[in-house]
Amino acid sequence: MKNILLSFTLIISLLFAWSCKKEETLRFVVPSKGIVVAVPGGSGSTSFEEYNISSVVPTSVPKGWSVTNIDMYSNTITVTAPATFDDGEQESGTLTLQGVTPIGTTMSLSINVALITEEVDYSDASANCYVASKPLTRYIFDPMVGGCATPLETAYVELLWQSSEDLVKYLDMCDGKVVFYLDATDKDKSLLKPGNALVGAYNSSNELIWSWHLWMTNNDPTASENTITLGGMEVMNINLGAECNSNGSTDGQTIFDSFGTYYQWGRKEPFLGPKDYTFPSNSDNAMYNYNGKNIYYEYVASNATNGNVAWAVRNPLALIKGNKDNGYDWLNEAHDDNLWSATSKTESDPCPAGWRVADASVFEGLAIATANDEMDWKEAQARYGLMFVDEATSTEHFFTAQGRRNYLDCRLDIINDNPSLPVPWAGYYWTATVDGDDASALWFDLTTPTRANNVIDTKRAMHRANALPVRCVRL
């Protein structure tokens with residue numbers, strides 16, 4: 001009888017412990033990554049999900065902001081933005097909330113809050129690249145379609161990489177749309193932090209199925225002041241992915257900001273360049289995930305498994321080395337001349353909506369400007385590029401020499417990183433024009449102190465596994 005009582009007591013104790021453990025199962029999350037408010041002094045709300053949370057209290061609020069309502073019946077949180085910014089009030093920040101269970105256990109979560117001055121909606125302009133040139137702005141695009149036609153079964157999105165920490169804010173997918181927010185710089189609220197990022201689309205099986213390039217720049221490349229006319233076409237005067245055109249400046253940061261992103265011919269995926277404009281040790285620029293952790297590229301050999309478009313799309317951080325048996329294309333078996341087009345937008349085109357990769361005819365009228373021959377050799381070296389003249393219009397345009405990622409191992413290459421050597425740098429720009437096994441590129445270099453001997457080739461044949469910069473032309 002005593003053993004029966006002991007067993008019964010043990011069972012009751014276990015059941016009580018199990019019921020307590022079950023009671024303490026908690027859930028306290030916000031599906032949206034943030035709350036944005038459109039006007040100073042205005043309010044915004046978001047929903048939250050909870051299980052076994054009896055009350056919610058704010059524990060940390062950005063200066064000037066206030067939590068005006070926490071409704072436990074509708075599970076909504078409402079905040080109000082600062083009405084003025086005269087005493088250090090914050091345009092954006094992080095709100096921390098604490099959920100409390102019936103027996104006093106706590107669980108915290110953070111919500112980003114921001115005041116936006118504008119909203120840019122790209123939902124009706126699908127592309128593989130979206131330009132963001134306004135700070136304190138919410139951007140929207142459609143994640144259910146690829147570059148221009150491919151339907152996607154996107155379940156959620158994630159930031160794959162960004163070129164500097166804390167660049168893309170509050171990336172989220174809500175009601176079938178992707179939204180993200182760009183903050184202003186601390187020193188100048190009219191400027192954003194420039195750079196590049198890649199957003200990945202995942203299906204319900206957690207498979208990466210597509211990616212989009214976010215191009216953050218303070219110089220809107222589509223604005224008339226940032227375009228030029230070449231070969232009768234309107235051309236961006238900024239490299240795809242760049243912050244500016246250096247215009248022959250010898251300032252290191254300006255030169256670096258003019259480089260932009262690099263592309264293997266026919267791929268839509270952008271790749272960053274060197275960590276510094278001088279190509280120290282030919283090292284890659286740093287990349288970060290949403291939490292500030294470093295992200296790195298893969299360098300893979302082209303073979304039957306990964307030397308195809310479908311694999312490249314699913315692996316946007318992989319640079320695919322040239323396949324010798326296929327003319328040093330990154331594709332394994334047969335060239336695909338239609339990945340980019342000299343006349344229209346393609347599904348793999350890396351340019352923003354309304355733009356495409358320039359074809360070779362755009363650059364045909366360029367020649368090296370005489371001004372290059374009149375300057376000191378060292379000064380010419382320090383400019384990292386050449387001034388060209390459009391012989392049809394006599395207008396001059398500067399093109400940066402930002403090297404390439406070579407076709408053999410996809411590593412960075414600017415000829416050499418020693419400015420005392422006779423060939424300090426070379427410039428390459430892809431075109432959409434194919435040339436047999438290769439594709440045509442604008443190419444030039446600084447060969448000798450007598451720059452009349454320098455060369456520009458507007459249709460240089462380049463192996464397609466090279467990753468080169470791109471200039472976009474309006475459709």
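Predicted model: local features only at pLDDT ≥ 70, side-chain atom pairs only at ≥ 80, totals over all residues.
I shall take the salt bridges to begin with, and then turn to a sheet.

A search across the whole structure returns 16 salt bridges. I shall discuss some of them in turn.

Consider Lys 189 and Glu 91, whose side chains form a salt bridge with an N to O distance of 3.7 Å. This pair links distant parts of the chain, since its two members are 98 residues apart. Lys 189 sits in the loop between β15 (177-182) and β16 (195-202), while Glu 91 belongs to the loop between β7 (76-80) and β8 (92-100). How do the two partners compare in burial? Lys 189 has a relative accessibility of 38% and is therefore classed as partly exposed. Glu 91, at 16%, falls under the 20% limit and so counts as buried.

Next, Glu 364 and Lys 459 make a salt bridge in which the closest N and O atoms are 2.8 Å apart. Because Glu 364 lies in the loop between β25 (355-357) and β26 (366-368), and Lys 459 in strand β33 (residues 456-462), this pair ties together parts that are 95 residues apart in sequence. Both residues are partly exposed: Glu 364 has a relative accessible area of 43%, and Lys 459 has a relative accessibility of 42%.

A further salt bridge joins the side chains of Asp 413 and Arg 404, at 3.2 Å from N to O. Here Asp 413 is buried, with 16% relative accessible area, and Arg 404 is likewise buried, at 14%.

I would also draw your attention to a network of salt bridges that links Asp 166, Lys 169 and Asp 183.

Let me now turn to the sheet. Three strands form an open sheet in the order β26-β27-β28, and their pairing is antiparallel. Why is one side of β26 and of β28 (395-400) left without a neighbour in the sheet? These two strands stand at the edges and each has a single partner strand, so one side of each has no neighbour there. On average, neighbouring strands of this sheet are turned by 40° against each other, with direction ignored.

Within the sheet, strand β27 (residues 385-390) pairs with β28 in the antiparallel sense over 6 bridges.

Notes: Residues numbered from 1 in each chain as written. Heavy atoms only, no water. Salt bridge = Lys/Arg side-chain N within 4 Å of Asp/Glu carboxyl O. Helix = DSSP H or I, 4+ residues; strand = E, 2+ residues; numbered from the N terminus. Buried < 20%, exposed > 50% of the residue type's maximum accessible area, 1.4 Å probe, protein only. Pairing = 2+ DSSP bridges. Axes fitted to C-alpha atoms, helices over the stretch in contact; angles between N-to-C directions.
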